[in-house]
Amino acid sequence: MSQTLNASTLLAVPLAPLAGAVIAGIFGTTFGGNWIGRRLSHTFTILGVLVAFVISAMTLKSVALDGARFNATIYEWMVVGGLKMEVGFLIDGLTAMMMCVVTFVSLMVHIYTIGYMEEDDGYNRFFAYISLFTFSMLMLVMSNNFLQLFFGWEAVGLVSYLLIGFWFTKPSAIFANMKAFLVNRVGDFGFILGIGLIAAYAGTLNYAETFAKAEEFAKLTFPGTDWMLVTVTCICLFIGAMGKSAQFPLHVWLPDSMEGPTPISALIHAATMVTAGIFMVARMSPLFELSDTALSFILVIGAITALFMGFLGIIQNDIKRVVAYSTLSQLGYMTVALGASAYSVAVFHLMTHAFFKALLFLAAGSVIIGMHHNQDIRWMGGVRKYMPVTWITSLLGSLALIGTPLFAGFYSKDSIIEAVHLSKLPGAGFAYFAVMAGVFVTAFYSFRMYFLVFHGKERYDQNPHVHHSDEEPDHGHHDDHQEPHESPWVVTAPLVLLAFPSVVIGYLAIGPMLYGDFFKDSIFVNLERHPGLEEMAKEFHGAAAMALHGLTSPVFWLAAAGVALAYYLYMVNTALPAKIAGALKPVYKLLDNKYYMDWINENVVARAARGLGLGLWKGGDQAVIDGAVVNGSARLVGVFAGVVRRFQSGYLYNYALAMIVGVFVLMTGFVWRDQLLALIR
């Protein structure tokens with residue numbers, strides 16, 4: 001079969017969702033006169049994503065089985081000096097995998113949205129947004145140059161702003177989307193600095209050309225310092241990933257993104273946006289491998305995020321926020337793997353996590369529908385018998401999340417832990433402790449939520465709140481004390497379809513993705529300096545053997561201990577959690593206030609930024625630029641003109657006198673000069 005891919009076919013992958021977004025966004029809203037109704041809006045958008053998924057699956061087959069590759073320019077926008085600005089695609093194992101993950105999860109979210117948003121006035125607008133989001137992410141992962149990468153990077157940020165603030169009449173939603181937008185701008189500032197350094201010193205924006213010059217790039221130092229230029233560049237690029245992939249301390253926007261509707265929570269947290277930073281670092285592996293300093297920085301930041309964001313999940317009572325903090329923690333695991341030079345392990349966990357995290361978010365949305373828009377897990381319980389499909393799929397997703405042997409999350413999470421254990425970089429010891437402790441924490445908060453929602457005493461009729469949670473607007477008139485009910489098929493069908501890969505994808509994919517040649521020309525690892533993956537390959541004897549060994553590993557017993565503790569505290573001795581919270585009140589307060597990061601940002605960082613801005617405005621702009629330079633020069637000209645105009649009297653005898661004095665000065669000036677020079681000598 002052909003070893004190349006067709007450019008026109010590849011172009012249809014991002015353009016099909018874009019076409020659906022344009023049709024629904026223009027002709028399905030008041031902007032275009034509401035020419036098409038809800039049915040046509042969701043039909044066009046779902047069809048667009050379905051086309052993208054089918055082509056992506058065919059592309060993955062060609063890449064994996066036939067060795068097909070594609071790297072070419074599709075459109076040249078402009079040339080500035082020797083710097084080409086172009087749109088192009090790079091299709092290899094990494095890209096093909098990401099295309100399938102993005103389109104499949106997006107397709108499930110689109111179908112799910114039909115049921116979840118059926119009573120919302122912004123139905124068509126929402127479909128337009130999520131299709132546009134899919135287009136943006138596809139442009140990002142398919143790019144072969146930094147310009148297109150940055151376009152997709154900013155586009156997903158912009159659409160996430162629109163989606164988080166989708167219910168724009170809610171003050172909390174407006175605050176959340178502005179928070180996400182501003183925090184991401186901090187990361188994006190570092191990201192564009194990194195791209196600028198590459199453009200300035202490598203002289204190109206093309207990936208392949210940049211990687212070809214990597215060794216030369218590594219010999220340079222940052223001007224005026226003894227810092228390695230590649231280290232500065234990689235850290236700048238990673239700062240962009242810290243914002244997009246919500247790493248400490250730029251993580252604060254992600255929990256608040258729950259203000260958006262549940263389908264977009266699944267899309268942001270599972271397959272798009274937050275995984276963009278992980279994908280970018282993996283794609284840039286030829287650069288990051290040249291700087292152990294940058295890798296150590298990544299390792300430590302990921303470890304902090306994995307452990308300390310997991311702690312916050314323990315005290316959350318909103319069902320969506322529990323899952324959101326698990327996303328933060330799992331992103332930390334992926335980042336730790338990147339820091340350990342296990343890039344293939346990081347993107348493997350990205351893939352498995354996309355399926356089970358989308359499943360958990362959509363299952364949480366199903367629970368919210370069934371509980372008549374109550375989101376507080378303290379007022380649920382016993383939901384299992386009312387929502388059997390949601391219950392079993394949630395259980396499967398939770399088992400995958402905590403790394404149960406044979407489930408998808410087990411293969412990727414255990415591989416991350418092993419890679420960190422084998423790493424010799426500074427900070428690896430702390431990172432290993434963090435990811436091991438995170439196993440227990442993840443199991444505890446995941447099954448705390450599971451037991452409180454699906455098992456135990458029914459508490460939905462004891463909810464002290466008259467109306468549903470403030471997290472989401474009411475989509476209809478519901479009685480909060482009605483019995484829970486199973487969601488419609490358009491909600492449960494995506495849950496079932498996501499449950500299958502959440503269980504089996506790790507078993508099927510670990511061999512080729514980690515120890516085969518699937519990423520052979522996508523990811524580069526210097527095995528002499530970072531031999532961890534090579535050592536792991538020697539110990540790998542198949543997926544089944546790994547699962548059997550996992551049953552005896554400390555990781556499994558830590559997870560089992562977390563589940564057992566959650567069962568005891570929330571099913572057996574239900575009064576104990578309140579006593580523990582009372583005994584550890586300072587710790588509980590610290591966690592409840594999210595380490596005071598929001599307070600620090602709002603009262604220290606924001607005020608300092610405001611003070612700096614006011615100082616630059618009042619002192620720099622108004623006083624120096626406007627006052628001294630602009631207005632000062634105007635006043636100086638006015639004073640000079642005032643003096644000069646006194647000589648412009650209009651009388652002829654004044655002008656004649658000025659001429660005589662001038663002639664006299666010219667005639668005698670040379671004499672005065674000679675006498676003055678004689679006196680000086």
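For my own reference, a cavity is a set of grid points where a 1.4 Å probe fits but cannot get out. I'm working from a predicted model here.

**Cavities.** I searched the whole structure and got four cavities of 30 Å³ or more. The largest cavity comes out at about 80 Å³. Which residues line the largest cavity? I noted Ile319, Val323, Leu360, Ala363, Ala364, Val367, Ser394, Ser398, Met449, Tyr450, Val453 and Phe454. Helices H15 (319-339), H16 (343-370), H17 (388-401) and H19 each give two or more residues to that lining. By class I get 10 nonpolar, two polar and no charged residues there.

**Largest pocket.** Next I looked up the open space: the largest pocket holds about 820 Å³. It has 24 lining residues, and Ile314, Ile315, Tyr570, Pro577 and Ala581 are the closest to its centre. The elements giving two or more residues are H14 (292-314), H19 (428-454), H23 (554-572), H24 (576-583) and H25 (585-592). H19 supplies the largest share, five residues. I also wrote down the classes for this lining: 19 nonpolar, two polar and three charged.

**Surface.** Last stop was a nonpolar patch made of Val22, Ile26, Phe27, Phe31 and Trp35, with about 550 Å² of accessible area together. I picked out Ile26, which sits in helix H1 (residues 7-27).

How values were computed: Residues numbered from 1 in each chain as written. Predicted model: local features only at pLDDT ≥ 70, side-chain atom pairs only at ≥ 80, totals over all residues. Heavy atoms only, no water. Patch = residues over 30% accessible without salt bridge, like charges linked within 9 Å, V, L, I, M, F, W, Y side chains within 5 Å. Areas by Shrake-Rupley, 256 points an atom, 1.4 Å probe, with all protein chains shown as cover. Salt bridge = Lys/Arg side-chain N within 4 Å of Asp/Glu carboxyl O. Helix = DSSP H or I, 4+ residues; strand = E, 2+ residues; numbered from the N terminus. 1 Å grid on protein atoms, 1.4 Å probe; cavity = no way out; pocket = protein on both sides within 12 Å on 5 of 7 lines; lining within 4 Å. Points joined across faces, edges and corners; volume = space filled by probe spheres on them. Nonpolar A, V, L, I, M, F, W, Y, C, P; charged D, E, K, R; others polar.
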